[in-house]
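Trainee: I have a new model open and would like to walk through it. Can we take it piece by piece?

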Amino acid sequence: MTWIIVQQCEDCNGQGELYGYNTIPYKCHECEGTGEKEYYEKNYHYDTIDEVTKDYSNTLSITLV
């Protein structure tokens, strides 16, 4: 089993876009423009959702699959 952790992208603050010097937005490279980042952790690393949230801040969702 695996924990799927969806977190708000810290680089673009969940917007999916960044602004350069010419103020034209471009797609965030970290989250590929989605505003979210996904992490996968094996079940044996964490026993409960509370343990996962201690290590991952700004979580949007946590699922055990």
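Trainee: Which residues does Q7 touch, leaving out those up to four places away in sequence?

Mentor: Q7 touches G35, E36, K37, Y39, Y56, S57, N58, T59 and L60. Contact here means heavy atoms within 4.5 Å. This is a predicted model, where local features need pLDDT of at least 70 and side-chain atom pairs count only at pLDDT 80 or more, while totals for chains, interfaces and linings use all residues. Residues are numbered from 1 along each chain as its sequence is written, and side-chain values use heavy atoms, with hydrogens and water left out.

Trainee: Where is Q7, and is Q7 buried or exposed?

Mentor: Q7 sits in strand β1, residues 2-8. Q7 is buried, because its relative accessible area is 7%. Buried means under 20% relative accessible area, exposed means over 50%, and partly exposed is in between, with a 1.4 Å probe and protein chains only. The strand labels come from DSSP: strands are E runs of at least two residues, helices are H or I runs of at least four, and both are numbered from the N terminus.

Trainee: What is the strand order in the open sheet?

Mentor: The order is β4-β1-β5, three strands with antiparallel pairing. β4 (36-42) and β5 (59-64) are the edge strands, each pairing on one side only. From one strand to the next, the twist averages 15°. The angles are taken between N-to-C directions and run from 0 to 180 degrees, with axes as lines fitted to C-alpha atoms, for helices over the stretch in contact.

Trainee: How many bridges are there between β1 and β4?

Mentor: Seven, and the two strands pair in the antiparallel sense. Two strands count as paired if DSSP finds at least two bridges between them. Within that pairing, Q8 stands opposite E36 in β4.

Trainee: Back to β1. What about I5, buried or exposed?

Mentor: I5, also placed in β1, is buried, as its relative accessible area is 0%. I5 touches K37, E38, Y39, E41, V52, Y56, T59 and S61, not counting residues up to four places away in sequence.

Trainee: Which residues make up the largest nonpolar core?

Mentor: Six residues do: W3, I5, Y46, V52, Y56 and I62. A nonpolar core is a set of buried Ala, Val, Leu, Ile, Met, Phe, Trp, Tyr and Cys residues joined through side-chain atoms within 4.5 Å. Leaving out residues up to four places away in sequence, I62 touches W3, I4, I49, V52 and T53.

Trainee: New topic. How many aromatic pairs does the structure hold?

Mentor: One. Y39 and Y56 have ring centres 5.3 Å apart and planes at 45°, so the pair is tilted. Rings of Phe, Tyr and Trp (its six-membered ring) pair if their centres lie within 6.5 Å; planes under 30 degrees apart are stacked, over 60 edge-to-face, and the rest tilted.

Trainee: What is phi for N13?

Mentor: Phi of N13 is near 55°, a positive value in a residue other than glycine. Most residues other than glycine have a negative phi. N13 lies in the loop between β1 and β2 (17-19) and counts as exposed at 52% relative accessibility.

Trainee: And what about phi of N58?

Mentor: Phi of N58 is near 55°, again positive in a residue other than glycine. N58 is in the loop between α1 and β5 and counts as partly exposed, at 45% relative accessibility.
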